[in-house]
Amino acid sequence: MLVWERPEPPERPAPAPLSRERIVRAAIGLADAHGLEAVSLRKVAAALDVGPMRLYGYIATKEELLDLMVDAVYAEIRPAGDGWREVLTSVAELTRRAVHRHEWLADLIGGRPQLGPHALARGEAVLAALGGVDVDIVMPVVTAVDAYVIGTVRREIAERRAERASGMNQRQWQAAYGPYLERTFATGRYPALETVIRDAAHLDAEETFRTGLGFLLDGIGAGIPD
């Protein structure tokens, strides 16, 4: 029986009442503060001031805990809007914001579909907005948007982690590598790249995300029959 269907143990009296919700909330707090490496049943039990064995009545494995953590964040992703384009835009932007709030989520989303109740509710809202689209292309459409969002947020989180690891923000990194690029471009071997770096508009992360998403949705719109 999956964790979503397995009942919780009966409540125990204070001083240390437990529930899956409390356990997951504590785990998310640890992950938000210190990353996924800070999450284990033992560390979560310590944060809740209970013995580790108490947790096993609620959660059997760390994998179950991670699934519950991801699903709890999916509760923050409630797409809204009129029509497929607004709803897909909403789910993309809300997912990106959720990953920025919970950096560890970038390491867990993708792969097999999440099947927790909040993830299913998010999927239902998105698919309902695509109710007028041919059923055979609905999932490729949703998968394309998810792939764009996941790829983008993983790159953004990787940049954030690189900044922390190096101690250099983007401007400092550019200043450090600028002379090298100047010498490289002077060879004349990379004219197209030089033109883009020197002359193209330099969009911030938000503008880049919205622009790319707009291109993707334009392409989806062209492929959906009227």
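Predicted model: local features only at pLDDT ≥ 70, side-chain atom pairs only at ≥ 80, totals over all residues.
Helix H1, residues 20-34, and helix H2, residues 41-48, have axes that come within 9 Å of each other and cross at roughly 105°. Because an angle from 65 to 115 degrees counts as roughly perpendicular, H1 is described as roughly perpendicular to H2. On the side of H1 the contact is made by Arg22, Ile23, Ala26, Ala27 and Leu30, and on the side of H2 by Lys43, Val44, Ala47 and Leu48. By class, the residues of this contact comprise seven nonpolar and two charged ones, with no polar residue among them.

The loop between H2 and helix H3, the latter spanning 52-55, contains aspartate 49, a residue that has a positive phi of about 60° although it is not a glycine. Aspartate 49 counts as exposed, since its relative accessibility is 68% and the cut-off for exposed residues is over 50%. In the following loop, between H3 and H4, lies tyrosine 56, which is partly exposed with a relative accessible area of 41%. Tyrosine 56 and leucine 41 are 15 residues apart in sequence, and their C-alpha atoms are 8.4 Å apart in space.

The loop between helix H4 (62-74) and H5 holds arginine 78, which is partly exposed at a relative accessible area of 40%. When residues up to four places away in sequence are not counted, arginine 78 touches Ser90, Leu94, His118, Ala121 and Arg122. With histidine 118 the contact is a polar one between the two side chains, at 3.3 Å. As for serine 90, its C-alpha atom is separated by 8.2 Å from that of arginine 78, although the two residues are 12 residues apart along the chain.

Helix H5 itself can be checked for its length. At 1.5 Å a residue its 19 residues should span 27 Å, and the C-alpha atoms at its ends are 27 Å apart, which agrees. The buried residues of H5 are Val87, Leu88, Ser90, Val91, Ala92, Glu93, Leu94, Thr95, Arg96, Ala98 and Val99, and what covers them includes H4, H6, H7 and H10. Threonine 95, placed in helix H5, counts as buried because its relative accessibility is 8%, which falls below the cut-off of under 20%. Residues up to four places away in sequence left aside, threonine 95 touches Ile77, Arg122 and Val149.

Threonine 95 also belongs to the contact between H5 and H6, in which Gly83, Trp84, Val87, Leu88, Val91 and Thr95 of H5 meet Arg122, Ala125, Val126 and Ala129 of H6. These two helices pack at an angle of about 155°, with their axes 8 Å apart. Since angles over 145 degrees count as roughly antiparallel, H5 and H6 are roughly antiparallel to each other. Sorted by class, the contact of H5 with H6 has seven nonpolar residues, two polar ones and one charged one.

The loop between H5 and H6 contains histidine 102, which is buried with a relative accessible area of 7%. Not counting residues up to four places away in sequence, histidine 102 touches Ile28, Asp32, Val73 and Glu76.

Helix H7, residues 135-166, is capped at its N-terminal end by aspartate 134, a side-chain oxygen of which lies 2.9 Å from the backbone nitrogen of aspartate 136. The 32 residues of H7 should span 46 Å at 1.5 Å a residue, and its end C-alpha atoms are 47 Å apart, which agrees. An α-helix has 3.6 residues a turn, so residues three or four places apart point the same way. The buried residues of H7 are Val138, Val141, Val142, Val145, Val149, Ile150, Thr152, Val153, Glu156 and Ile157. They pack against helix H5 (83-101), helix H6 (117-129) and helix H10 (205-223). H7 is followed by glycine 167, whose phi is positive, near 75°.

Note on methods. Residues numbered from 1 in each chain as written. Heavy atoms only, no water. Helix = DSSP H or I, 4+ residues; strand = E, 2+ residues; numbered from the N terminus. Expected span 1.5 Å × (residues − 1). Buried < 20%, exposed > 50% of the residue type's maximum accessible area, 1.4 Å probe, protein only. Contact = heavy atoms within 4.5 Å. Polar contact = N/O pair within 3.5 Å; in protein donor to acceptor, adjacent residues only side chain to side chain. Axes fitted to C-alpha atoms, helices over the stretch in contact; angles between N-to-C directions. Parallel < 35°, antiparallel > 145°, perpendicular 65-115°, else oblique. Nonpolar A, V, L, I, M, F, W, Y, C, P; charged D, E, K, R; others polar.
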